[in-house]
Amino acid sequence: MKAYGILFMLLAILAAGCAPLVLKPADFAWPIEDELKSDSHGMIHVNRYSLSFSIKPLMYAELKDSVHVADRSIRIIRGTMGHYYLTATKFKNVYVFSQGDGGLVLKKKILVSKEGLASPAFNQRAPYIELIDGNQKPIYLNAEGIREEGGK
């Protein structure tokens, strides 16, 4: 009987050691957006957060052009849940990405303008990302899509 108790305790200790360590709560939000220009190879570098990625697939998905990628301005912000929100002038969509193995993985493509954005800007409005385009009414976003009136 004593052997079963010792065996049970050893198994319990091993099982507890295999559980993943989770640090909660965590807030991944960037306080303000970054407007970044791509280099001649279509790479964006966010030096403040040590992030870089190619915009060629994004430019092709949105504008059907992955050749003219030099000196393109991209707006990017990171929400509280860790998702990256990207858009640019003339884009019809906001792209929501999450981190994957060695890259950013598209989570959601959100249609925000049928004509294309004229002068987009992101703001952090936790738990949402606010998209402003000139004098248009702000659009509140999360990783699932548009939230009316900021989710009210």
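Buried means under 20% relative accessible area, exposed means over 50%, and partly exposed lies in between (1.4 Å probe, protein chains only). This is a predicted model, in which local features need pLDDT of at least 70 and side-chain atom pairs count only at pLDDT 80 or more, while totals for chains, interfaces and linings use all residues. Residues are numbered from 1 along each chain as its sequence is written, and side-chain values use heavy atoms, with hydrogens and water left out. Of the 152 residues in the protein, 36% are buried.

**Fold**

- The protein has two helices and eleven strands, where helices (H or I, at least four residues) and strands (E, at least two) are DSSP runs numbered from the N terminus.
- Along the sequence the order is α-β-β-β-α-β-β-β-β-β-β-β-β.
- Among contacts with a separation of 6 or more, 44% join residues 24 or more positions apart; contact means heavy atoms within 4.5 Å.

**Aromatic pairs and a charge over a ring**

- There are three aromatic pairs in the structure; rings of Phe, Tyr and Trp (its six-membered ring) pair if their centres lie within 6.5 Å, and planes under 30 degrees apart count as stacked, over 60 as edge-to-face and the rest as tilted.
- W30 and Y49 are stacked, at 4.1 Å centre to centre with 5 degrees between the planes.
- This pair links distant parts of the chain, 19 residues apart: W30 is in the loop between α1 (2-18) and β1 (34-37), and Y49 is in the loop between β2 (43-46) and β3 (51-54).
- W30 is buried at 4% relative accessible area, whereas Y49 is partly exposed at 27%.
- W30 also pairs with Y84, edge-to-face, at 5.7 Å centre to centre and 75 degrees between the planes.
- Because W30 lies in the loop between α1 and β1 and Y84 in strand β5 (residues 84-87), the pair ties together parts that are 54 residues apart in sequence.
- Y84 is buried, with 5% relative accessible area.
- Ring pairs join W30, Y49 and Y84 into a cluster.
- K64 lies over the face of Y60, 5.5 Å from the ring centre; the criterion is NZ of Lys or CZ of Arg within 6 Å of the ring centre and within 35 degrees of the ring normal.

**Surroundings of I44**

- I44 is in strand β2 and is buried, with a relative accessible area of 0%.
- Beyond its neighbours within four places in sequence, I44 contacts L36, K37, S38, L51, S52, F53, I55 and I74.

**Backbone features**

- The K24 to P25 peptide bond is cis, with omega near -5 degrees, and P25 is in the loop between α1 and β1.
- The A126 to P127 peptide bond is cis, with omega near 5 degrees; P127 is in the loop between β8 (120-125) and β9 (128-133).
- D71, a residue other than glycine, has a positive phi near 60 degrees; D71 is in the loop between α2 (56-63) and β4 (73-78) and is exposed at 52% relative accessibility.
- K90 is not a glycine but has a positive phi of about 80 degrees; K90 is in the loop between β5 and β6 (93-100) and is exposed at 59%.
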